[in-house]
Amino acid sequence: MSATTVQTPARRPAPRELAKILADCRDLAVHRLMLAFSAMLDRVGDLLMDRAARTDVRDEQTLYLDARQLLKSERPSLMAEFERRLRKRVDDRIAGREEPKQDFATVDPAKLTLVDISAMDESVVTGNITRIVENACHEELGLLNRGLGHLLGKPDLETPDNPLAPVTIVDAFAESLRQLKSESRIKFQILKELNQASLGDIASIYGDINRHLANLHVVPAA
């Protein structure tokens with residue numbers, strides 16, 4: 001006689017419990033992301049030192065070493081700002097509050113200022129990092145979209161609208177980096193090196209959130 005596996009049906013959380021579940025998902029994600037980015041910044045520092053050692057161009061070497069020094073001296077304030085901005089972004093997206101991101105595709109290049117060009121360069125890099133993370137976390141993100149979409153009452157939730165989506169994480173870090181008092185080219189170099197660092201840890205974070213939601217039995221089975 002074969003045993004029959006009985007799945008616990010999903011239940012609809014009460015509003016207060018729903019708010020707590022979403023807050024717990026946010027806290028779990030933020031805590032794990034702080035650890036992951038701390039390890040990533042270690043790798044970025046190593047990449048910068050390696051680049052400085054391999055170039056014979058004085059200006060390039062100075063840029064790499066200055067970027068590494070900035071990362072070393074301002075790391076506590078960078079990480080604190082990253083955590084603050086990440087929490088705010090997640091909360092705003094859960095609540096449906098978010099400022100639209102500038103679309104540089106609609107801007108006349110002839111009218112761009114120096115600041116606009118710098119912002120456009122940053123947008124290209126952050127967009128590339130976001131796509132890399134989305135591709136690396138495709139399966140976990142699909143499950144997370146369904147789970148958070150169910151909790152938020154948005155069954156068709158797509159990755160760009162997920163409060164914990166890669167774009168939320170990457171933009172929060174880029175904004176935090178922008179706040180450091182240093183030359184734009186030095187901060188931009190750090191961002192470019194992040195583009196070369198491994199961001200695969202984020203997939204395991206999404207996986208843990210999915211397991212947390214599954215254990216609560218608040219998301220319908222696929």
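This is a predicted model: local features need pLDDT of at least 70, side-chain atom pairs count only at pLDDT 80 or more; totals for chains, interfaces and linings use all residues.
Student: What makes up the protein, in terms of helices and strands?

Tutor: The protein has 8 helices and 0 strands, and along the sequence the pattern reads α-α-α-α-α-α-α-α. Of its 222 residues, 40% count as buried. Among contacts with a separation of 6 or more, 79% are accounted for by residues 24 or more positions apart.

Student: Why is helix H1 called roughly antiparallel to helix H3?

Tutor: Helix H1 covers residues 15-54 and helix H3 covers residues 75-94, and the two pack at an angle of about 150 degrees with their axes 10 Å apart. An angle over 145 degrees counts as roughly antiparallel, and therefore H1 is described as roughly antiparallel to H3. The crossing of H1 with H3 is right-handed.

Student: Which residues make the contact between H1 and H3?

Tutor: On the H1 side they include Leu22, Val30, Leu33, Met34, Phe37 and Leu41, and on the H3 side they include Leu78, Met79, Phe82, Leu86, Val90 and Ile94. Charged residues take part as well, among them Arg26 and Asp27 of H1 and Arg75 and Glu83 of H3. Sorted by class, the residues of this contact are 12 nonpolar, 1 polar and 7 charged.

Student: What makes H5 and H8 oblique to each other?

Tutor: Helix H5 (residues 138-151) and helix H8 (residues 201-216) pack with their axes 9 Å apart, at an angle of about 40 degrees. Roughly parallel would need an angle under 35 degrees, and roughly perpendicular one of 65 to 115 degrees, so the pair H5 and H8 is called oblique. Their crossing is left-handed. The contact is made by residues including Leu141, Leu144, Gly147 and Leu148 of H5, together with residues including Ala203, Tyr206, Gly207 and Leu213 of H8. By class, the contact of H5 with H8 divides into 9 nonpolar, 3 polar and 1 charged.

Student: How do you know that H6 is roughly antiparallel to H7?

Tutor: The axes of helix H6 (residues 166-178) and helix H7 (residues 184-194) come within 10 Å and cross at roughly 155 degrees. Since the cut-off for roughly antiparallel is an angle over 145 degrees, H6 is roughly antiparallel to H7. The crossing of H6 and H7 is right-handed. Phe173, Ala174, Leu177 and Arg178 of H6 meet Lys187, Ile190, Leu191 and Leu194 of H7, and the classes come to 6 nonpolar, no polar and 2 charged residues.

Student: Why is alanine 67 called buried?

Tutor: The relative accessible area of alanine 67 is 0%, and buried means under 20%, so alanine 67 is buried. Alanine 67 lies in helix H2 (residues 58-73). Leaving aside neighbours within four places in sequence, alanine 67 is in contact with Leu48, Ile186, Gln189 and Ile190. Alanine 67 and leucine 191 are 124 residues apart in sequence, yet 9.9 Å apart in space from C-alpha to C-alpha.

Student: Arginine 85 is a charged residue; what makes it buried or exposed?

Tutor: Arginine 85 has a relative accessible area of 18%, and because the cut-off for buried is under 20%, arginine 85 counts as buried. This arginine 85 is found in helix H3. Apart from neighbours within four places in sequence, arginine 85 is in contact with Ala172, Glu175, Ser176 and Gln179.

Student: Why are cysteine 25 and cysteine 137 called buried, and how many disulfides are there?

Tutor: Cysteine 25 has a relative accessibility of 1% and cysteine 137 one of 0%; buried means under 20%, so cysteine 25 is buried and so is cysteine 137. A disulfide requires two cysteine sulfur atoms within 2.5 Å, and by that rule the count is 0 disulfides.

How values were computed
Residues are numbered from 1 along each chain as its sequence is written. Side-chain values use heavy atoms; hydrogens and water are left out. Buried means under 20% relative accessible area, exposed over 50%, partly exposed in between (1.4 Å probe, protein chains only). Axes are lines fitted to C-alpha atoms, for helices over the stretch in contact, and angles run from 0 to 180 degrees between N-to-C directions. Helices (H or I, at least four residues) and strands (E, at least two) are DSSP runs, numbered from the N terminus. A crossing is left-handed if the near helix is turned anticlockwise from the far one by less than a right angle, and right-handed if clockwise. Contact means heavy atoms within 4.5 Å.
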